[in-house]
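Trainee: Could we take a close look at a single part of this one? I'd like to go slowly and then see the surroundings.

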Amino acid sequence: MTDELHDVRMTVNGVAHDVRVPARRLLSDALRHDLGLTGTHVGCEHGVCGACTVLVDGRPMRSCLMFAVSAVDAEITTVEGLTGADGSLGPVQQAFAECHGLQCGFCTPGFLTTITAGLRENPHPTHEECRDMIAGNLCRCTGYQNIVKAVERAAELVSTSSTTGEGAGSTTGAGSTSDGETA
Amino acid sequence: MTTKLMGTPVQRVEDQRFLRGQGRYVDDIGVGPGGEQGVLHAAVLRSPHAHARILDIDVDEVLDLEGVHAVWTYDDLAGPMAEPLPLLIPHPALTHGRTQYALAKDEVNHVGEAIAFVVADDRYVAEDAVGRIKVSYDFLPPVVGIDNARAAANLVHDDVPGNVGARLEQNVGDAPAAIAKAPHRLELDLTIERSACMPMEGRGTVARWDADINRMQVWTSTQTSTGVRAAVAVKLELDLGQVDVITPDVGGGFGVKINHPWPEELLVPMAARTLGRTVKFTEDRREHFISSAHERGQVHHVTVGFDDDGRLHGLDVEFWHDHGAYTPYGLIVPIITSTQLLGPYKPQNYRVVFESLYTNTVMVTPYRGAGRPQGCYTMERTMDAIAAYLGKDRTEVRAVNFIQPDEFPYDQGMIFQDGRELEYDSGDYPASLEKIKALIGWDDFPTFQKSMAAAGRKVGIGLACYVEGTGVGPYEGAHVHIETSGKVKVATGLTTQGQGHATVFAQLVADELGCSFEDVEVVTGDTRRMPYAVGTFASRAAVMSGSAIHLAAKRAKEKVLKIAADALEASPDDLQIVDGVVSVKGSPGTSIDLGTVSVLSNPLRYAFDEASKAATQFSVGDPGKPPVPEDEEPGLEGKDFYSPERATFASGMHAVIVETDPLTAEITILKYAVVHDCGHLINPMIVEGQIHGGVAQGIGGALYERMAYDESGQLLNASFMDFLMPYVTEIPDTIAIDHLETPSPLNPLGIKGAGEAGVIPSAAVFAAAIEDAEGFPITAMPISPSELFELRSRSLVEPVETTPEGTPAP
């Protein structure tokens with residue numbers, strides 16, 4: 001018995017990738033094991049912890065609850081794509097560093113992507129809205145105190161950078177990769 | 001002058017890779033830019049039954065499946081792999097210790113026990129294969145819960161009478177006699193349920209056998225690399241020198257990743273050698289629930305005798321510890337409860353006896369706090385009961401029992417978990433009490449409670465004190481190497497699971513060596529770099545490796561100064577090192593940088609780089625003597641070990657104000673306060689992060705998390721959907737923290753451990769606050785709104801005294 005393979009083209013962090021995957025392959029596994037983007041972490045595989053959250057066409061999605069074949073032609077942003085083209089930290093990443101918003105770092109990618117989308121939707125959140133923004137992600141290390149601070153700090157950084165012309169979590173530019181074919 | 005980094009909130013260096021998605025966790029090993037190449041994946045068939053004999057295992061249909069490389073059951077294991085797994089920490093009282101086999105032999109004793117191990121092209125196929133294995137069972141009656149274990153109508157192991165693995169009694173003075181003579185006496189029954197560490201990353205192991213050099217490389221998500229290395233060597237009949245264990249980034253541990261070892265940590269290397277391929281096992285969440293360790297489940301009976309001031313005359317504690325199906329980690333957890341129960345108090349006379357019991361559930365090994373939360377809960381509930389009985393303020397009763405600052409070192413007269421005397425090194429409990437009362441607003445609370453009551457609202461306040469033995473031995477070591485580039489490479493053997501070791505250890509090195517913080521790179525948990533090490537548990541990393549690193553940096557500095565003095569024709573006493581440059585004090589022009597000193601430390605002077613060329617202007621050594629003088633080594637390195645006489649005792653106090661909804665019994669936290677004393681702080685930002693995380697985990701343990709086993713031994717809530725770990729919505733908006741810094745006299749930095757403290761007093765402090773709000777005793781934790789609602793209904797039918805089972809002495 002062999003699984004039938006499907007050709008899927010998806011754009012991840014601005015780069016087009018072609019992968020051949022069985023229909024049952026999770027998007028999280030395709031990102032990690034087929035594309036080598038191990039920044040996306042898998043904490044529960046049932047959609048509760050949020051560690052595997054990526055942005056699919058700009059919206060936060062649990063990549064463990066999505067099949068890779070359903071990401072065909074989608075624009076996906078992973079944690080790797082939140083870093084600036086020059087390698088500098090994006091505003092949410094920078095805020096986490098400043099506020100000690102992470103310890104073991106395993107849940108962090110899901111928080112970063114979730115907050116990136118959250119601040120795009122609501123660039124000036126109140127304190128309560130900052131808490132709500134992360135209320136669907138589990139962290140076992142930090143007790144959330146500094147993550148909430150990091151959301152507030154990220155909002156500040158985003159509003160500063162948007163006045164200087166940069167967006168929140170700008171993605172890296174398009175190109176081609178060794179595993180995929182062309183951009 | 002370089003600013004001292006000790007005590008400053010330096011931002012973490014490890015965050016740079018974590019935030020970019022460039023951390024390297026065990027499931028990331030073997031994955032490159034083109035994806036994961038040539039790695040095989042393992043899956044485990046686990047018992048669906050809590051207690052059964054295995055009659056037959058049929059794997060015929062497995063190997064037909066395309067992509068399957070191998071399957072193992074017990075019958076395929078040979079040599080030491082076919083023996084039971086080690087009982088890592090034996091104890092004379094553990095008369096009936098039992099451990100599992102790497103794959104079940106003849107019987108299974110809990111749901112989740114490993115039966116067969118399949119290796120395939122990917123995890124999907126491996127799981128398909130597991131689904132094709134047919135096992136016939138003869139069912140046996142399961143033993144679930146402490147009551148059933150004690151009743152012993154059924155046995156977990158045929159040859160363990162009464163399900164009792166161990167019974168240990170310790171006496172200080174004569175508690176029963178002192179209690180009998182005391183002016184007052186109370187009895188309490190106190191229960192805590194099972195919970196678990198639940199790191200966001202489960203367990204995982206990758207192994208690669210290199211046939212060219214006969215060497216095994218293992219990457220594993222562990223708290224003890226050296227322990228796994230020794231276990232793999234013994235079980236696979238390799239020399240220790242043939243096995244390297246590397247602990248990459250670890251997504252949380254909290255105890256469960258301690259080594260004993262786990263079956264997969266042996267099966268993966270075994271499969272890698274057999275198949276000549278890299279093999280990976282990554283535990284999924286359900287597996288973590290049903291096959292990785294739990295903790296906390298204990299039932300306690302307390303008898304206490306005291307006088308009119310609430311001063312203890314004698315304390316007699318019996319408790320029953322549920323250790324699950326096996327005892328690979330010995331009696332560590334109940335021994336810690338027995339000893340650390342005493343907290344900051346002088347009981348005068350103390351008797352403690354426990355039975356450690358088998359049940360057909362997942363085994364128990366330490367979870368953050370490791371028996372201390374149960375001990376703290378037992379002692380603090382007792383203090384509250386005494387205060388209620390005497391009608392005294394709860395803080396007064398505690399204060400009269402405190403060990404006083406001038407009584408240190410204070411010997412409790414018992415043997416601690418490390419086999420050494422339970423002797424507290426330092427502390428100031430009265431000062432902590434004053435701080436926590438101020439922080440929570442203890443003295444103003446009665447007015448607040450009355451005003452809330454007038455508005456129809458119920459609020460309560462609770463307080464709990466603990467002492468935590470941290471930094472247990474036997475040792476840790478460190479190696480500091482100054483490269484010719486001036487960069488400083490530091491290695492220590494224990495592992496890291498998010499504590500920021502790369503940052504705090506670099507702070508210590510920069511301070512001692514005088515190099516820049518940015519030039520220091522710290523590696524932990526790699527046996528190639530530091531083959532002798534113990535591990536990260538028992539809040540020991542900062543104390544043990546921190547001290548070892550400080551000492552190793554000191555040694556490296558001595559060598560730097562000796563060589564630099566020779567090169568600069570000055571006395572070592574006249575030199576200083578600032579920002580990586582050695583100079584003569586008062587004559588900054590006469591200087592040499594650390595990189596050049598490193599070049600000079602090696603008489604083999606090939607001019608590989610600019611640093612070597614720069615070094616040619618200096619001349620060191622005596623031309624009449626060998627290039628490497630006797631008793632010296634080439635290279636600019638320092639290595640040292642730290643091995644303390646005994647543990648150092650941190651302490652702290654927590655207080656909480658809760659509101660309970662009069663209708664729904666929902667429990668809301670209004671204010672949470674922590675006073676914490678872990679000696680000198682290396683990095684206050686990281687210490688506070690540890691406290692935040694501990695408090696959140698404690699809130700989970702007190703109000704939400706439990707292992708819901710049914711009577712047949714099925715874990716009903718084995719998912720994050722049903723096991724209720726706190727989200728931000730369950731954690732208060734602020735946690736008020738105040739520090740006291742009572743230095744430890746036992747180590748050069750005056751530090752004490754901080755990792756576990758935040759979780760220790762939670763059950764105690766919430767039980768106290770809810771009891772205060774409701775007016776009836778809280779004796780079983782965790783507590784849910786439904787349970788509180790039930791208790792309310794019962795207390796209306798049969799009013800209970802505020803002193804549980806209180807019986808005045810005749």
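Trainee: Which residues are buried in α8(B)?

Mentor: Keep in mind that this is a predicted model. In α8(B), the buried residues are Ile332(B), Val333(B), Pro334(B), Ile335(B), Ile336(B), Thr337(B), Ser338(B), Thr339(B) and Gln340(B). So that you can see why this list matters for reading a helix, start with the geometry: an α-helix has 3.6 residues a turn, so residues three or four places apart point the same way. Now go back to helix α8 of chain B, which spans residues 332-340. Nine of its nine residues are buried, and the helix is mostly covered. For the cut-off, a residue is called buried if 20 or more other C-beta atoms lie within 10 Å of its own.

Zoom out to the rest of chain B, which has 19 helices and 31 strands. Of its 810 residues, buried ones make up 59%. Then there are the contacts: counting those in chain B with a separation of 6 or more, 82% are between residues 24 or more positions apart. As for overall dimensions, the C-alpha atoms of chain B fill a box of roughly 95 × 75 × 50 Å along the principal axes. The radius of gyration of chain B is 28 Å, which agrees with a compact globule, because one with 810 residues would have a radius near 28 Å.

Note on methods
Residues numbered from 1 in each chain as written. Chains lettered and ligands numbered in written order. Predicted model: local features only at pLDDT ≥ 70, side-chain atom pairs only at ≥ 80, totals over all residues. Buried ≥ 20, exposed ≤ 12 C-beta atoms within 10 Å, placed from the backbone. Helix = DSSP H or I, 4+ residues; strand = E, 2+ residues; numbered from the N terminus. Rg over C-alpha atoms; globule rule 2.2 N^0.38 Å. Contact = placed C-beta atoms within 7 Å.
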